[in-house]
Amino acid sequence: MQKASTDAPTPTGRPARLRPGWLAAGVGAVLVALVAGVSLGPVSLPPGSVAVELLNLLPGVHLTSGLTEREIAIVTELRLPRVVLGLLVGALLALAGGAYQGVFRNPLADPYLLGAAAGAGLAVTAAIALGMGAGGFAGLSAVLPLAAFVGSLGAVVMTYLLGVAGGRGRSPATLILAGVAVSAFLSAGQTYLLQRHSESIQQVYSWLLGRLGTAGWHDVLLVLPYFLLTAVVVLLHRRELDVLSVGDDEATSLGLHPQRSRYLLIAAASLGTAAAVSASGLIGFVGIIVPHTVRLLAGSSYRVILPLSMLFGGAFLALTDVVARTAAAPAEIPIGVVTALLGGPFFVLVLRTSRRVFA
């Protein structure tokens, strides 16, 4: 029965299989973002030499890059951890956005708009302002992902319950309006906490604007386990999202348990959102821009959307970070500001085209 459900037809005639060409394009985008992110900065480095130095990180590879010891240190200890973190965070946000869109059958669903980011933000703000986590920064870093996950999942549950309160006849925009309401409520709580703990405003404010600054590989190692768990769970269930898109009754007749699959995917997407938010702050619109672009270009099946969103989402955020740290050099623009400038007009485009795409 379960086998039949995973091979169910998709709701449109677009390709249901991940084509090798698109997979190669996604991997290529990641490689380009990796080399560009490491090459560009206050000290520009030759992309060819950077690519050779990155190859030297592979076991058994020993090539001459022509970089000095100082430049090699810049590559491996300063820029590479930041770029890898951007790849992970972007992949998580785009993957979570695609999963939310499939679960809620709404092309506007996004970790930012559903309140997941606001819930995680409130929880992280509480952790910072109230000084949770013994042992200073190390203790706080350990508790932030857990706090963000609880806040993220709680916000999504609140949004979903508020969105379904109107019954089956509600419009697709109801869920987004519920997410806006929940986000506003949680943001008010966050503002209250900051007012009561003014000494934490600078630290929290920097985090709220979104940033990928790292001090080595610590943040990468912190996010990596959550990335692997989220990616495995969501990608293993990507075919079930195609079945859920035709309705719960049809999904049940094909041997799927809709509610169980829905809850599992929501938990996994919320975990990924929480990990991304705890490491990079609030970075909006990645979960709308990337999955929707993939849907328009590569196909409407979630077998295609989710893996490609993960690849292109990582590349998108890594390249956006390059813009954030070079556009106003030597100053650095918060990456959340850059994604908002790109995402605002794109969100308007999605609003205008979503009915036609999903008709």
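User: Where does L130 sit?
Analyst: L130 is in the loop between α5 (116-129) and α6 (136-164); helices here are DSSP runs of H or I with at least four residues, numbered from the N terminus. This is a predicted model, where local features need pLDDT of at least 70, side-chain atom pairs count only at pLDDT 80 or more, and totals for chains, interfaces and linings use all residues. Residues are numbered from 1 along each chain as its sequence is written, and side-chain values use heavy atoms, with hydrogens and water left out.

User: Switching topic, what about F285, where is it?
Analyst: F285 is in the loop between α12 and α13. F285 isn't a glycine, yet its phi is positive, about 75°. F285 counts as buried because its relative accessible area is 16%.

User: Which residues divide up the lining of the largest cavity, by type?
Analyst: Eight are nonpolar, three polar and one charged. Nonpolar covers Ala, Val, Leu, Ile, Met, Phe, Trp, Tyr, Cys and Pro, charged covers Asp, Glu, Lys and Arg, and the others, Gly among them, are polar.

User: And which residues line it?
Analyst: Among them are L93, D110, Y112, T273 and F285. A lining residue has an atom within 4 Å of a cavity point, and a cavity is a set of points on a 1 Å grid over the protein atoms alone where a 1.4 Å probe fits but cannot get out.

Notes
On a 1 Å grid over the protein atoms alone, a cavity is a set of points where a 1.4 Å probe fits but cannot get out, and a pocket is an open set with protein on both sides within 12 Å along at least five of seven lines; lining residues have an atom within 4 Å of a point. Helices (H or I, at least four residues) and strands (E, at least two) are DSSP runs, numbered from the N terminus. Buried means under 20% relative accessible area, exposed over 50%, partly exposed in between (1.4 Å probe, protein chains only).
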